[in-house]
4 protein chains.
Amino acid sequence: VRFQRGSEEFSRVLAFSDGMFAIAMTLLVVGIAVPELTDPSSSELLDSLEDLLPEIISFFISFAVIGRYWAAHHQFFAMLGSMDYALIAINLIYLAFVAFLPFPTALLGDYIETPAAVAIYAVAVAVVSGLEVVLFWRAYRDRLLARDMPPEVFRWGVWGSTMPVVFLLLSVPVAFIDTGVAIAVWFLSVPGGMVLNRIQPEAARDWW
Amino acid sequence: VRFQRGSEEFSRVLAFSDGMFAIAMTLLVVGIAVPELTDPSSSELLDSLEDLLPEIISFFISFAVIGRYWAAHHQFFAMLGSMDYALIAINLIYLAFVAFLPFPTALLGDYIETPAAVAIYAVAVAVVSGLEVVLFWRAYRDRLLARDMPPEVFRWGVWGSTMPVVFLLLSVPVAFIDTGVAIAVWFLSVPGGMVLNRIQPEAARDWW
Amino acid sequence: VRFQRGSEEFSRVLAFSDGMFAIAMTLLVVGIAVPELTDPSSSELLDSLEDLLPEIISFFISFAVIGRYWAAHHQFFAMLGSMDYALIAINLIYLAFVAFLPFPTALLGDYIETPAAVAIYAVAVAVVSGLEVVLFWRAYRDRLLARDMPPEVFRWGVWGSTMPVVFLLLSVPVAFIDTGVAIAVWFLSVPGGMVLNRIQPEAARDWW
Amino acid sequence: VRFQRGSEEFSRVLAFSDGMFAIAMTLLVVGIAVPELTDPSSSELLDSLEDLLPEIISFFISFAVIGRYWAAHHQFFAMLGSMDYALIAINLIYLAFVAFLPFPTALLGDYIETPAAVAIYAVAVAVVSGLEVVLFWRAYRDRLLARDMPPEVFRWGVWGSTMPVVFLLLSVPVAFIDTGVAIAVWFLSVPGGMVLNRIQPEAARDWW
């Protein structure tokens with residue numbers, strides 16, 4: 001069976017995915033506990049909020065990371081003309097790891113100087129990016145895209161989703177030497193993305 | 001009253017169901033508490049995460065089980081041409097047990113060697129599968145399907161949803177002898193499904 | 001401004017409402033804590049689950065009550081042809097009390113023999129039913145219904161939503177005499193509804 | 001890329017936003033813990049609920065504040081004819097601060113007499129209103145509105161969203177003198193809004 005764009009069944013998969021993303025992104029606020037003080041002065045309150053700062057920053061980072069994947073998910077499904085159950089199944093596995101992300105993010109927020117926390121976070125995010133590649137590859141191979149995609153555009157798109165995986169996995173051994181350098185390695189995706197944009201094939205211009 | 005496919009009211013029932021599924025599937029991450037350690041080494045952190053392993057596995061199992069029912073729900077409603085309030089009411093009862101599933105799953109995750117935990121889990125999942133049969137039967141009887149379904153296709157479909165119920169209930173007494181064997185009984189659905197696929201009536205081919 | 005049925009803006013109000021209902025209905029499972037035991041026998045586990053029974057029952061009652069209001073909400077908006085911001089505002093106030101319901105339900109689950117708990121629950125549910133009447137009255141007065149409704153059908157519909165309010169408020173003083181009788185008063189809505197069905201005006205037949 | 005009104009991609013952004021709003025508005029009920037008493041009398045129960053009153057009021061205030069922003073979001077996107085990824089990105093940042101609001105609201109509920117709590121709340125809400133202005137400005141500049149908007153209507157609309165920001169930021173220094181006066185300053189938006197309505201340009205009449 002194939003569900004065409006515009007059918008109730010196509011929409012449902014997106015609505016379900018969006019619900020999942022929205023919950024995963026909002027859940028972390030629950031974790032920020034209001035400090036219990038009796039009739040505090042402003043400076044006492046601000047002092048106690050300072051202890052909450054890592055949790056607050058962790059909320060916004062988690063929001064940004066999952067939000068970035070939501071945007072990628074939005075961008076990917078915008079290219080689709082139809083879906084089959086194989087793609088829906090891969091999407092479910094992808095969502096399982098998205099829904100799991102708040103945990104490694106909280107871990108990172110608490111233990112940013114512990115190599116294992118940095119490594120676990122990098123692997124968790126790499127899995128999500130990796131499953132993005134799988135979704136893209138399935139959609140291309142089974143001709144679920146709305147229009148025919150030239151092979152060089154597909155290859156270029158795969159590179160775009162694979163690059164973060166490479167840098168994230170590269171950062172794992174680095175974390176055990178220096179966690180700061182490991183986090184810096186993640187951001188190599190930014191110049192990497194700029195290089196990829198330079199070598200973008202002409203035909204890719206109207207796909208993204 | 002009947003709500004036709006394509007109407008706002010038809011869509012709402014699906015959107016509401018999807019919201020429910022998404023929340024039930026995401027909720028368990030909240031349960032995974034980040035360990036509280038002061039400036040841990042990587043091995044200390046990994047040690048403390050080992051204690052969390054059952055909860056992490058429990059999250060992914062719960063996600064897989066509820067995700068499988070979401071896919072079945074998606075597949076079932078894809079066959080519908082309209083809904084009435086009787087079907088909507090059965091769907092609500094069905095969703096109540098889906099929303100409840102995280103509890104028996106957590107129970108199973110913690111006490112996998114206690115017969116009662118295995119039995120409770122089996123019964124809870126059997127109820128969901130059983131209500132799936134009721135939904136299917138109502139839709140068939142009241143002609144809510146998008147196209148006429150030949151009786152032999154309907155019977156074959158009922159068998160497909162009833163089989164897991166049979167194996168799950170069969171596992172209940174078995175659990176009090178050996179919990180491992182009981183869990184193995186659940187997976188008899190896999191070869192059972194393959195046998196069913198063999199005897200699939202010709203006319204069923206374009207329904208699933 | 002009026003948002004016509006079929007517009008993005010009409011759908012959004014329903015999607016937002018459904019999200020709210022779904023969350024309020026699923027939240028209570030979080031409250032059911034898995035008992036902490038070390039390697040329990042089946043009878044030990046079942047004993048400890050007996051203590052959780054009120055919470056489990058409370059979950060299913062809460063689900064049924066909010067589910068019933070969701071069905072009424074679905075039924076009401078199925079009659080609408082358009083919405084304005086006044087109706088959207090009343091809907092928001094209505095949803096605030098729906099989202100609040102899990103609290104009085106939990107209170108009732110824990111203290112079913114305390115008059116104040118029964119009274120608070122009755123008032124909270126009465127407020128939701130009362131706001132249902134306000135929604136209906138606004139939609140009728142401002143001609144937001146999809147078709148013209150004869151005044152006798154409107155009056156009959158108002159009676160249907162007002163009756164539960166009457167019985168719920170009546171049960172408040174009764175609760176301070178006997179909580180069991182108070183709860184029985186709630187169920188007078190059932191025979192009351194049957195009487196109402198008897199005197200249903202002919203023209204109401206194709207509205208519900 | 002531009003996603004036209006009516007496309008799956010346009011709807012998704014709204015469904016995702018609505019999910020976020022619904023969760024942020026419902027989450028605070030979880031915070032209201034049922035008091036633990038053994039077989040309490042009605043007056044004992046009511047006494048213990050008196051301690052919960054700030055949390056209950058905090059829930060309804062939070063609901064009203066976020067609900068007001070949801071209505072503004074609904075009103076803004078009703079004017080749009082299309083979206084691009086720049087607007088989607090600003091919307092994500094906007095939603096991050098909406099999802100964060102329950103925390104400053106809880107803070108305000110607990111420490112309404114502490115200047116810092118009042119100031120933090122005012123800044124958090126001002127950020128959301130400020131991002132509303134940014135959304136509006138982007139949509140106007142990049143011609144994403146469904147119809148051409150005359151510049152004087154745009155300027156008038158910007159004033160409407162900027163005024164709350166001004167009063168909220170003004171209240172910050174005031175809070176450190178007197179928290180009650182600071183909260184009164186917030187409500188200057190109400191007469192301010194009435195003045196703005198007086199000077200509404202003729203052409204604005206059919207936009208809001």
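The following paragraphs describe a predicted model, from the fold of a single chain to the contacts between chains and a few individual residues.

Because the model is predicted, local features are reported only at pLDDT of at least 70 and side-chain atom pairs only at pLDDT 80 or more, whereas totals for chains, interfaces and linings use all residues. Residues are numbered from 1 along each chain as its sequence is written, chains are lettered from A in the order in which they are written, and side-chain values rest on heavy atoms, with hydrogens and water left out.

The secondary structure of chain A comprises nine helices and two strands, where helices (H or I, at least four residues) and strands (E, at least two) are DSSP runs numbered from the N terminus. Read from the N terminus, the elements of chain A follow the order β-α-α-α-β-α-α-α-α-α-α. The C-alpha trace of chain A extends over about 65 × 40 × 25 Å along its principal axes. Of the 208 residues in chain A, 58% are buried, a residue being called buried under 20% relative accessible area, exposed over 50% and partly exposed in between (1.4 Å probe, protein chains only). Of the contacts in chain A (heavy atoms within 4.5 Å) that link residues at least 6 apart in sequence, 78% join residues at least 24 apart.

The arrangement of the chains can be considered next. Two copies of a chain are related by a rotation about an axis and a shift along it.

Chain A and chain D, by contrast, are in contact, with 39 residues from chain A and 31 residues from chain D taking part. The area buried between chain A and chain D is about 3,000 Å², of which carbon and sulfur atoms give 75%; buried area is the accessible area (1.4 Å probe) that two parts lose on being put together, summed over both. Val34(A), Trp70(A) and His74(A) supply 20% of the area that chain A buries against chain D, more than any other three residues. Two salt bridges are found across the interface of chain A and chain D, a salt bridge being a side-chain nitrogen of Lys or Arg within 4 Å of a carboxyl oxygen of Asp or Glu. The side chains of Arg12(D) and Asp18(A) form a salt bridge, at 2.7 Å from N to O. Between chain A and chain D, 11 residue pairs are in polar contact, both residues being at pLDDT 80 or more. A polar contact is a pair of N or O atoms within 3.5 Å; within protein, one must be able to donate a hydrogen and the other to accept it, and residues adjacent in sequence count only if both atoms are side-chain atoms. The elements that give two or more residues to the side of chain A touching chain D are α1 (8-26), α2 (28-31) and α3 (42-78) of chain A, and α3(A) gives the most, with 17 residues.

The largest nonpolar core holds 320 residues, and those with the most contacts inside it are Leu80(A), Leu80(B), Phe103(B), Leu80(C), Phe103(C), Leu80(D) and Phe103(D). Such a core is a set of buried Ala, Val, Leu, Ile, Met, Phe, Trp, Tyr and Cys residues joined through side-chain atoms within 4.5 Å. Helix α6 (residues 115-141) of chain A contributes the largest share of this core, 15 residues. Leaving aside residues up to four places away in sequence, Phe103(B) touches Val29(C), Ile32(C), Ala33(C), Val34(C), Leu49(C), Leu52(C) and Ile56(C).

Ser129(B), situated in helix α6 (residues 115-141) of chain B, counts as buried because its relative accessibility is 1%. The side chains of Ser129(B) and Tyr69(B) are joined by a polar contact of 2.7 Å. Asp39(B), in the loop between α2 (28-31) and α3 (42-78) of chain B, has a positive phi of about 50° although it is not a glycine, and at 67% relative accessibility Asp39(B) counts as exposed.
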